Every structure is written in structure tokens, then in C-alpha cells.
Amino acid sequence: MEFENPGIVKLKCCVKNYDWGKIGTGSSVAQLYAKNSGEEADDFKPYAEFWMGTHESGPSYAVVAPVTVDQGENEVANSGNSCNLVNLKDWIEQNPSVIGDKVLQKWGHSLPFLFKVLSVAKALSIQAHPDKVLAEVLHKQYPDIYKDDNHKPEMALAITEFEALCGFISLEELKLVVHNVPEIVEVVGSARADQVLQIKQQDGEEKSKEVLRSIFSELMSAKKVVISEAISKLISRLNAKHEVRELTDKEELVLRLEKEYPGDVGVIAAFLLNYIKLNSGEALYLGANEPHAYLYGECIECMAASDNVVRAGLTPKNLDVQTLCSMLTYKQGLPQVLKGVALNAYTVKYIPPFDEFEVDRCFLPQEASTVFPVVPGPSVFLVMAGEGKIQTVSHEESVAEGDVLFTCANIEITAATTSVRFLP
């Protein structure tokens with residue numbers, strides 16, 4: 001079946017109601033999904049993720065006007081007008097030129113990226129995403145858990161102030177943890193703790209990684225009763241300290257995590273990870289095999305098209321501690337915070353070190369316009385607020401908050417506002 005190709009196609013997108021999401025209309029995800037779908041948000045339901053892409057776990061649907069009326073298996077009649085909703089991947093398969101030869105040859109008929117908005121009310125799991133080789137192994141062995149065979153490098157771009165745990169603390173900080181957090185020493189043993197204290201910078205990076213791997217693996221693999229007892233002691237000690245001095249940010253975080261996930265190993269493991277606070281417009285790149293956990297706030301997230309997550313704490317979901325501990329790089333130190341590169345007065349580009357995607361963040365003032373130049377692959381535009389138009393040489397779409405648009409490869413796009421603001 002053939003469709004008219006205007007270069008711009010509106011999308012109806014998927015929502016995920018994970019229990020860590022913000023509740024009701026307090027969630028940007030809820031607001032965007034309500035606008036996009038025409039459904040009212042439930043004031044008592046968590047709205048965690050708004051998905052835009054072709055991944056089978058949450059596909060988007062293209063709003064298309066067919067040349068001929070033929071309700072196929074993957075089409076759904078749209079009773080509000082003459083358009084149909086067609087699974088985006090199916091539509092791309094029927095119209096492969098829309099994604100361009102470069103993307104088609106490398107990634108086939110699927111979008112190479114998955115684009116999301118996240119509204120985080122409480123911590124997500126301590127997790128990592130496998131590289132391509134490990135993803136293929138995990139998918140083959142456990143297809144019910146690891147749904148695809150792709151890697152999942154990703155970028156988180158803060159919409160509000162956004163908190164995360166990301167990567168392991170430095171060797172110097174690890175020594176301070178061993179000195180100041182006796183509950184970790186009780187769990188991993190004094191011999192491992194002594195290894196941390198005895199290591200020197202001149203011993204080299206690999207030696208430091210080996211010691212860190214030993215500490216982290218022992219902690220994450222400890223029996224629940226051991227962890228529960230250690231956390232009980234830890235919380236009592238921190239509460240007592242709070243009576244006589246101000247707690248550090250990390251100590252305050254640990255108290256908060258314990259309320260969200262009582263007795264969870266992730267509460268105490270947080271001491272080993274960097275605690276990062278992003279301002280709006282700042283971003284983190286999260287490579288394969290790096291530990292992280294989003295904690296609070298709202299962000300745009302873009303990643304290679306995968307839903308593979310290896311978890312080991314701060315979650316009631318399936319845990320795979322052995323795989324997570326064996327796959328990590330154990331690289332230490334603060335992650336790089338990306339501020340993007342200004343393309344013009346309105347647009348900032350964030351470029352990760354891989355090929356699947358780039359992210360543009362555009363703030364347009366009232367009655368302004370900007371041009372997005374030709375790129376060899378497809379794009380997805382999300383209107384976060386305001387009203388305006390997106391157009392090609394031959395077609396124009398009026399857009400407003402919650403609209404999501406697929407734009408074809410090799411087409412110049414002009415965006416203009418009629419009221420304020422933002423198109424990433």
C-alpha cells in the first residue's frame with residue numbers, strides 16, 4: 001500500500017507507567033502524552049516515559065492519509081478524520097526512501113535511535129547497558145529478559161534540575177568511603193578494604209580497577225540479611241550524625257534512597273558512585289557497561305534503539321548481579337557534563353561519540369523561525385511547549401505542545417513559532 005509523502009508525518013506515541021514516574025499531571029510525560037493522544041491523564045497513575053521510535057516494546061504510529069483505502073493488519077482506523085494510524089516501522093518498510101540510503105543500509109527499516117521523555121519521581125535501578133557483543137549473547141540466552149540484540153549507549157539531557165548516579169568515584173574518594181562508611185567495610189571485609197587503602201596512584205589504573213571490582217562485586221553479591229543489617233546500622237548512624245552536624249549531599253541521598261527502597265543493596269552502593277546534579281540544558285553521555293541510576297527530575301533521553309537493561313539494585317524488577325558486575329568497565333572519576341554546541345541563536349546541538357543520533361535543543365521566541373539543514377537520515381521533532389509551524393518546501397504542519405513529527409531524510413526543515421517556545 002502506498003502513501004503520500006509530504007516529508008513530514010505526525011506520530012502518535014507510547015507511554016510507560018513505571019512506578020518510579022511522577023504522578024498525574026505533575027509529570028511532563030503525562031502532559032505530553034495527553035496532548036499527543038487526546039486522552040486525559042489519570043491523576044493517580046505514574047507517568048514515567050514517553051517513547052518515540054520504532055522499538056517493538058513501545059512503537060510509534062504514523063498518522064497518514066492513504067492513497068487507497070485498505071485496512072491492513074497493522075493499520076488502525078482513525079475515526080476523527082480520514083487518516084489511519086500505521087505502525088511507524090511498517091510505514092518505513094513500505095516507504096524506505098524516507099529514512100535515506102545511509103540509514104537503510106546500516107540499520108534497515110527501523111529508526112537507529114529511541115527518543116524518550118522521562119519524569120522521575122524516585123530512583124530508577126542501578127543499571128548498565130551491554131555493548132553490542134554482550135547484547136547479542138544475552139538476547140540469545142535470555143530473550144524474555146533482554147528483548148533485542150542491540151547495544152544501548154544513551155544521552156540524558158536535563159529539562160529540569162536532574163539528579164543521577166553515574167560512574168564510579170575516584171580512588172581518592174573510594175579511600176574516604178572506606179574510612180568513613182564502616183558498614184561497607186563490614187560487608188566486604190577488612191582485607192578488601194585494606195587493599196583500597198594500600199593502593200597508590202603509581203600502581204596504575206588496572207590495579208585500581210581490580211580492587212574496585214572486588215569491592216563492588218562483593219557488596220552487590222552479599223546476602224540480603226547482611227545488607228539489611230548494614231543498612232540499619234548505616235541509617236541509625238547517619239540520623240545520629242544529623243543531630244550534631246549537617247550531612248553531606250551523598251549522605252542525604254542515602255537516607256532518601258532508603259525510604260524509597262528499604263533494605264536494598266543500592267542504598268549502600270550509592271557511596272561508590274558519583275552523585276551528579278545537572279542543570280536544565282546540561283547532558284550526560286552514558287556509554288555501554290557504565291553503572292548509573294537516574295534519581296529525580298525530568299529529562300530528554302535518546303539512545304540507540306534498544307531496551308536492554310542489566311539491573312542490580314534499587315528496583316523490584318529482575319536482577320542480574322553477576323552479569324552487571326562482570327560487564328562493567330570500572331572506570332573511575334567524574335563523567336563529562338555536556339553543554340552542547342551552539343549552532344545559531346536558538347539551537348544547541350549535543351553530539352555523542354557514536355553514529356545512531358544527535359540531539360538538537362531549540363528555543364524559539366515568539367514569531368521567530370530557524371532552519372534545520374538537510375541531514376542524510378530521518379529526524380523526530382517533539383514540541384515541548386508553545387505553538388507554531390514546521391514546514392518543508394512543499395508541505396506545512398501546524399504544531400503545538402505534545403506534537404511529535406517524523407521528518408524524512410535529505411529534506412530541509414523550517415520551524416517557526418506563533419507563540420513561545422521549544423522544539424528539541
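## The second largest pocket

Strand E15 (292-304) gives four residues to the lining of the second largest pocket, the largest share from any element. (Helices, H or I of at least four residues, and strands, E of at least two, are DSSP runs numbered from the N terminus.) Along with E15, E9 also gives two or more residues to this lining. The pocket has a volume of about 480 Å³, and 30 residues line it, with Tyr18, Asp307, Val309, Arg311 and Lys317 nearest its centre.

By class, that lining has twelve nonpolar, seven polar and eleven charged residues. Here Ala, Val, Leu, Ile, Met, Phe, Trp, Tyr, Cys and Pro count as nonpolar, Asp, Glu, Lys and Arg as charged, and the others, Gly among them, as polar.

## Where the numbers come from

This is a predicted model, where local features need pLDDT of at least 70, side-chain atom pairs count only at pLDDT 80 or more, and totals for chains, interfaces and linings use all residues. Residues are numbered from 1 along each chain as its sequence is written, and side-chain values use heavy atoms, leaving out hydrogens and water.

A pocket is an open set of points on a 1 Å grid over the protein atoms alone, where a 1.4 Å probe fits, with protein on both sides within 12 Å along at least five of seven lines; lining residues have an atom within 4 Å of a point. Points are joined across faces, edges and corners, and the volume is the space filled by probe spheres set on them.

## The largest pocket

The largest pocket has a volume of about 790 Å³. Of its 33 lining residues, Phe357, Glu358, Val375, Pro378 and Ser379 are the closest to its centre. Two or more residues each come from helix H3 (100-107) and strands E9 (113-120), E20 (359-364) and E22 (379-382), and H3 has the largest share with four. The lining has 23 nonpolar, three polar and seven charged residues.
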